Amino acid sequence: MTPALLPHPSFAGFAGAFEFIFSKQESSVTGGKKVGGIEQVLELAWTQIEVSLLALAVALLIAVPLGLWFGHKGAGELVAVGLGNAGRAIPELALIAFVAAIIGVGIVPLTGALAVLGIPPILTNTFVGIRQVDRAAVDAARGVGMTELEIMRKVELPLAVPSIMTGVRGASVNIVATATIAPLVGVLTLGDFILGENVYGVNGVVAGAIVTAILALLFEFALAGVQRRLTSKGLRLQAQ
Amino acid sequence: MISGLPATPLAAVGEVGEGFFHERTGETLPCQARPSHLFCWDWATENIHRYGTPTVQQFELVIISVAIGFLVAFAFALLAHRYHLLQWPLLAGTGLLFAIPSVAFFLLLLPVTGRGRETAIIALSAYTLQIIYRNVMSGLANVPESAKDAARGMGLTERQILWKVELPLAVPEIIGGLRIATVSTVAIATLAVFAHAGGLGTQIYSEANLTFPTAIIIAGTIAIAMALVFDVVLLTVQRFSTPWRRAEAEATA
């Protein structure tokens, strides 16, 4: 059992953390090089945004077409739903450490690992969303002469948007959270502040936690906005 | 350079590099000498006992966090069921807590609760609120109006209807939420090492183990197995708590 560490004696609540965010400070281990400050905060935050968006894009590109296809065919329910359940059980820390130890460090292994976390919820929710589309609507589309591809693109996909976005938001929460421990794969995100107490001090750790939380909430708001824009007017009216 | 790596290992594994050596002879095991070796059975059989305490710690973190999360989320849901005005704020509030990365949450609490188990439990239970709250609410919303009407006709009060009709009918969805929350919490509790709260993460996040796949694979496998066991147990509870479903199935069979 590791002993519970008390807050550092020089630690003055959250004030020190905010000071760390806005102005550079001396660090005991970087040889006089200053750490912190808004520039470094924004740099690390930007890296975290980049890798999160990249991983989310990769996950979307793989999971949405698969979910759409299986949902349209009505096949593979066990796999699509089971994958979503199994995906939740993946321990993020073990996945990241495993990738670093086996594949190596860098942006590519990191993106792969994060995409692995993002695929299951998106795939499951896309599948479920497509399955829930009223069969009468699909039949009507077929009746007016749409091809199968058109049915998927113009009928099923728009009607499944709310469900797909639920999956995307779940994936995004996990991806942004796991991107916090990306320094273990050699990609410096805001987690570098959080994990690097010996370099940044307690103020840096708490500063990292504050900025990471803000970043995650911004992601959540942004995706909520995207969801509203992508949902067709008809569905929005129906929901009211 | 990865400045994020611990200068002093946070984990309780002990001295740096301890995990690399043969316990009795002090020599490096042959399969450990090759970093490309995916899994070192010799090391695994000799060191499996190291995982006992972390496994118990992780189990306790999950049980306590989900129990607290359930009680709070359930109370929230009952409040929102009674006072509809609270529905949206509670959904939004728990949604915000859900979105905050656990690692950040742990260390946001550093100035307040310091490091340790309490810190981890607060963050982990906050994470479960949204999942459980949502499922209780949708379970209650899906109770057929006819069942409530029948109960009203029999002279039940609103409180009796809630506890004797609505909640029992919502049990499958409530336990469904509990399953999602528990499985996710098992996975996330691995990160409790960053709150110095122990758990299986201690066997991953240490200088010796971060570059040693065998140690990571064992810890990850135990975490996944634990999630699976929780899921199966809750699924069984779900089955037994809805006897009418089985009766229906038998009647139609």
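1. Gly82(A) sits in helix H3 of chain A, residues 77–88, and its C-alpha atom is separated by 34 Å from that of Ala45(A), 37 residues apart along the chain.

2. This is a predicted model, in which local features need pLDDT of at least 70 and side-chain atom pairs count only at pLDDT 80 or more, while totals for chains, interfaces and linings use all residues. Residues are numbered from 1 along each chain as its sequence is written, and chains are lettered from A and ligands numbered from 1 in the order in which they are written.

3. Chain A has ten helices and two strands, these being DSSP runs numbered from the N terminus (helices H or I, at least four residues; strands E, at least two). Of its 240 residues, 46% count as buried, and the C-alpha trace of chain A spans about 75 × 40 × 30 Å along its principal axes.

4. Between the chains, 46 residues of chain B are in contact with 45 residues of chain A, contact being C-beta atoms, placed from the backbone, within 7 Å. On the side of chain B that touches chain A, H11(B) gives the most, with nine residues.

Terms used
Contact = placed C-beta atoms within 7 Å. Buried ≥ 20, exposed ≤ 12 C-beta atoms within 10 Å, placed from the backbone.
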